[in-house]
Amino acid sequence: MTFINYASREINCKIVYYGPGLGGKTTNLQYVYDKTAPSAKGKMISLATETDRTLFFDFLPLELGSVRGFKTRFHLYTVPGQVFYDASRKLILKGVDGIIFVADSQVERMDANIESVSNLEQNLKLQGYDLMKIPYTLQLNKRDLPNVASVDDMKRELMRKGEPVLEAVASTGIGVFDTLKAVAKQVLIELKKG
Amino acid sequence: MTTSDMIMYEEEYQRIKTIITKLRTESNAKLVFLVDKNGQQIAAQGDLENLDATSLASLTAGNVAATDGLAKLIGEKEFSILFHEGERDNIHISIVAQRVILVVIFDNRSSLGLVRLRVKKASSELTDVFERVVKKINHERESGRLDVESPFAEITDDDIDNLFTN
C-alpha cells in the first residue's frame, strides 16, 4: 500500500525481499545499506536470532530523492526464509508494493526455491494480492559459486510471468542495485497508472 | 493494487496534528505518533530529536501485526491495546479506525489511567478524520479526479533513472 502524503509531499513504498532461507535476502539489504550515503538512509534494523538468522524481519528505509517534487522513500523489508516462520512471512507481506524474489542458485537449493515461490504465491493470495499483477523481480543470487544451476534452468523453474531476471552476487554487490531498481521502476509505473 | 492506497491531504493532516498535540498535552506524554498498519509514519508530536522515528514506526507496526496474529490464533478478533512498561518510559499502543496505530510514550509524569482516558477521546476524533479521508479518496477516485492530480501521472523513465544515479 503506497502512502502518498500531500501535506508533507512524501511518498512511501514498501518493497519485500522474499526467498528461501540462507538465500541472501539480508545480504542484499546489508549491501544496499553499506553503499548508500548516510543522508539517504535510516538505521537498518535486523530482528535476528543469536546465529544471525532472520527471526522476524530486516528493515531499511531508503530515501531516493524527489520525483515531481515528492520525496520518494522506499521501505525495504526481508522476510525470514526458514520454512517454519511462515506466520511471520504473511505479516510482512501486508501492504507490499513490490517484491524481489532472491533465489539461491546452488543446484541443491532448487527445490527450496520452488517451494518458496509457491509459498509466496499462496501468502500473497491470503493478503488479497496476485503475484501476476504485483511489481515483481527475480534475482538469481550466488552466481559466483561453483555448483550453480544454469540460468535457463532456473528461469524455467522459477519464472512466473516474464518478470525481470537478474543475476547477482549479493555478498560483493553484483546485481544488488540493479535488482532494486528493476522492481522500484515497476512500482513507480504502477503509481503512474493511479 | 492501488485501490487501497492511503492518501493524506493537507486539511486532514492539520486536523490530525491538532488532535495529537492536544492528546500529548492533556495526557502529559513525551511523544505521540500515528503510524499506519504497514509501518509508515503519518504524524508525530513531541520530543523526536533523540529518537529514530522511522524505526519506531516500523517496529510498532511489526509488533501490532505479530500481536494481531497471536489474537487470531487464540480466536480473538484483535488485542486493541498494547502496553509496554519500562523503568523510565512506557509505551501505550492502540488501534484507531481499524487501520491506524496510535502510539503514546510517557514517563512517571503521567499515568496509564490518564493516558487511556485521553487516548479514548482522541481515538474517536481521529476515527472521524480517517473516515473522512477514506470517503474523500473514494469520491475522488470515482469522479476520476485522482488520476489528474497524481504527481506521478507524468513520470518518465528518466525521472526513475535519476533516482538511482546518486
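Helices (H or I, at least four residues) and strands (E, at least two) are DSSP runs, numbered from the N terminus. By that rule, chain B has five helices and six strands. This is a predicted model: local features need pLDDT of at least 70, side-chain atom pairs count only at pLDDT 80 or more, and totals for chains, interfaces and linings use all residues. Residues are numbered from 1 along each chain as its sequence is written, and side-chain values use heavy atoms, without hydrogens and water.

**Overall fold**
- Along the sequence, the order in chain B is β-α-β-β-α-β-β-β-α-α-α.
- The C-alpha atoms of chain B fill a box of roughly 50 × 40 × 35 Å along the principal axes.
- Take contacts (heavy atoms within 4.5 Å) in chain B between residues at least 6 apart in sequence: 53% join residues at least 24 apart.

**Burial**
- Chain B has 166 residues, and 46% of them count as buried.
- Buried means under 20% relative accessible area, exposed over 50%, and partly exposed in between (1.4 Å probe, protein chains only).

**Charges**
- Chain B carries 20 positive charges (Lys and Arg) and 28 negative ones (Asp and Glu), with His and the chain ends not counted.
- Their mean positions lie 10 Å apart, each charge being placed at NZ of Lys, CZ of Arg, CG of Asp or CD of Glu.

**Around Phe79(B)**
- Phe79(B) sits in the loop between α2 (53-73) and β4 (81-85) of chain B.
- Why does Phe79(B) count as partly exposed? Its relative accessible area is 32%.

Methods
Chains are lettered from A and ligands numbered from 1 in the order in which they are written.
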